[in-house]
Amino acid sequence: MTGLADPTVAILLTGMLVGVSASLLGSFLVLRGNSMLADAISHSILFGIALAWLLTGQTSGPVQIAGAALSGVLAVYLIETLTRTRRLRDDAAIGLVFPALFSAGVILINVFARDVHLDEHTVLLGEIGFVWLDTVTLGGIEVPRAMLAMAVMLVLDAAFVLAFYKALKLATFDPDLARALGLAPGLIFYVHLSLLSGTAVAAFDAVGVVLFITFVVVPPATAYLLTRRLSSMIVLAMILAAASAPLGYAVAFWLDVSIGGAMALATGPFLLLAYGWRRWRAWQQARAAGGLQSPSASA
Amino acid sequence: MPGLLADYTLQNVMLGAALIGVISGVLGAFAVLRRQSLLGDALAHAALPGVCIGFMMAGAREMGSIMGGALFTGVAAALLMVALTRNTRLKMDAALAAMLSLGFALGVVLLTWIQRRGGASQAGLDSFLFGQAAATTRADLYPMMILAGIALLGVALLWKPLKLMTFDPDFAAVTGLPVQWLERLLTAMIALAVVTGLQMVGVVLMTAMIIAPGAAARQWCGSLLGMVVLSAVLGALAGVGGGLVSALAPGLSTGPVVVLLATLIALLSLLLAPRRGLIPAWWRRRHRRSHTSTDRILQTLYELAREHGDWRYRVEQGAVDAYHGMITEPQLSTLADRGLVVPAQHMPDEGRHWQLTETGVAHAAEYAQRRRRRFGNGA
């Protein structure tokens, strides 16, 4: 029980890996104004997870992760197709697609897969407290399976962002220019969302599909309030997400509540603090600008 | 079947499901039209901590206080969203996703707090995640009826201002309507609808009950009143159907069944609705294409030439396309093969042009005369 398979180490490291990889990809989503796609993808992968489980009897493993991630991409494709018919707006298309895929997943589990490893509550809430129980031996070292999956996804995500940083940046801020330069922003978009789906599938064991959204959106949104540079926004978001894991773990340990829930919730205070700081700065600037002007008038 | 319908639990389930369908259908119609479909999603997820707080305050699974708590945290999350988007650079999507997921995380923390302290009395709180129709008691129905009644009364009393605000918010503001207050009221009423459905559909899937009936009704109706009424009917249909299926097949959560039914209704509406449906639209295009004869297109060229008093008048192909509402290239090629029209010289940056040949003019004139004889002066 030493090293990476130690419960505390396993839980903390897995939580931090989830936070860091989710906020790395999430930064671009928040900047592009597509945050609700995180909601759609992370709910929709349940359908893929249930199908992969039915076909292979496993929920983890590279094939299962890739297969289940396809249902996240399917959701994005369906949303785009529905929007293109111009009979529905994009918000209604999102809200029509992901509950349906999620429901189909829940029903598949209800009907076929009453099992300790896969019931709809685990999928929704995750059980990071148990990640150290399921380990694989890698080069003589015992590694929790969920941690290994998250580490692999983080490497893939980081490699993608580093390799295509310029293209991603341009596709995020000026898709038209990116298209004109022959950068295929549509393709980059789909690769980005495929990786997000894969990361969500790898993370669902630990934090479940809904809490995953927190790590995708909240740390990047917080960082967005604090900095104007893309690179520093991403780094700051990853630091905040990584800091939320031990913070949440401490709270969960102290109050004896869900660890995954507490880790996700721990990203919230940072957002509130950043919001408070922004408001305070706006108030200061207003006071400096016009001595007699009341602060609320220019806020 | 009569014995089945008289069953006390089933009566409760069907009554409750119909109630939820009507209320979420009515408010969902507004949410879909105002592009606020996902507001219901955020409100529903953010209602989970309220469910737990209500439970803790009452000390038992008491619907009145649970719904009160859910309403409170749902509205609080909505206010935070407005504050985030109004006062910072964050856009609505990020605010929605942040409040949705943080609210749900708080709910999960509170849920486990109760579960690890409560012993047996917490049984049934889990059902708020996915909904459990069979657990509905007659006593649960009364607070649902009250909430639904308040929301429906609100819509009825505020019908005119809500309608104006939905279709033309700028004009509504100019006429002196308190648009901001109306928006907050509408959000609160959507929260009422969401809270009404938590027991049967659950926090995760209540969003579909807000969106699917409204999106379906939009395809069939051109007026707000018709859309709201139809949306309520379709919502009730999905609710009652799903409630029945899940009550009769133990082990199936109610929420997913209701949602799949509602989605099916929405998809069928998208495909089949007479005016906006995709299949009727495709059929009309096809019909028009096969029934617009080459003669009619020749006639168009002829009429244009006559209007301009120039038999050699050149007509741009794009203009013919636009006039007939279809691609006329195949028909024009046929006419060219028959020697009735010829492609005309045009500037390199202009579209393709066509002009009549002498045979074409004679042919078109004869056709016009034939039509006049058949249809009188009208043609």
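The side chains of Asp256(A) and Arg116(B) meet in a salt bridge, with 3.3 Å from N to O, where a salt bridge is a side-chain nitrogen of Lys or Arg within 4 Å of a carboxyl oxygen of Asp or Glu. Across the interface of chain A and chain B, two salt bridges are found by this rule. The model is a predicted one, in which local features need pLDDT of at least 70 and side-chain atom pairs count only at pLDDT 80 or more, while totals for chains, interfaces and linings use all residues. Residues are numbered from 1 along each chain as its sequence is written, chains are lettered from A in the order in which they are written, and side-chain values use heavy atoms, with hydrogens and water left out.

Between chain A and chain B there are 15 residue pairs in polar contact, both residues at pLDDT 80 or more; a polar contact is a pair of N or O atoms within 3.5 Å, of which, within protein, one must be able to donate a hydrogen and the other to accept it, and residues adjacent in sequence count only if both atoms are side-chain atoms. On the side of chain A that touches chain B, helix 4 (90-112) of chain A gives the most, with 16 residues, helices being DSSP runs of H or I with at least four residues and strands runs of E with at least two, numbered from the N terminus. The contact draws 59 residues from chain A and 56 residues from chain B, contact meaning heavy atoms within 4.5 Å. The area buried between the two chains is about 5,000 Å², and carbon and sulfur atoms give 71% of this area; buried area is the accessible area (1.4 Å probe) that two parts lose on being put together, summed over both. Met36(A), Arg87(A) and Leu96(A) supply 14% of the area that chain A buries against chain B, more than any other three residues.

Helix 4 of chain A is mostly covered, in that 20 of its 23 residues are buried, a term that denotes under 20% relative accessible area, with exposed over 50% and partly exposed in between (1.4 Å probe, protein chains only). The end C-alpha atoms of helix 4 of chain A are 33 Å apart, which agrees with the 33 Å that its 23 residues should span at 1.5 Å a residue, the expected span being 1.5 Å times one less than the number of residues. Helix 3 (residues 62-84) of chain A, with 23 residues, reaches 33 Å from its first C-alpha to its last, close to the 33 Å expected. The buried residues of helix 3 of chain A, among them Gln64(A), Gly72(A) and Leu82(A), pack against helix 2, helix 4, helix 6 and helix 9 of chain A together with helix 13 of chain B. Just after helix 3 of chain A, Arg86(A) takes a positive phi of about 60°.

In chain B, Gly74(B) is found in helix 4 (residues 63-87) and is buried at 2% relative accessibility; leaving aside neighbours within four places in sequence, Gly74(B) is in contact with Leu43(B) and Ala46(B). Gln299(B), in helix 15 (residues 294-307) of chain B, is likewise buried, with a relative accessible area of 9%, and, with neighbours within four places in sequence left aside, is in contact with Ala364(B), Tyr367(B) and Ala368(B). His353(B) lies in strand 3 (residues 353-356) of chain B and counts as buried at 11% relative accessibility.
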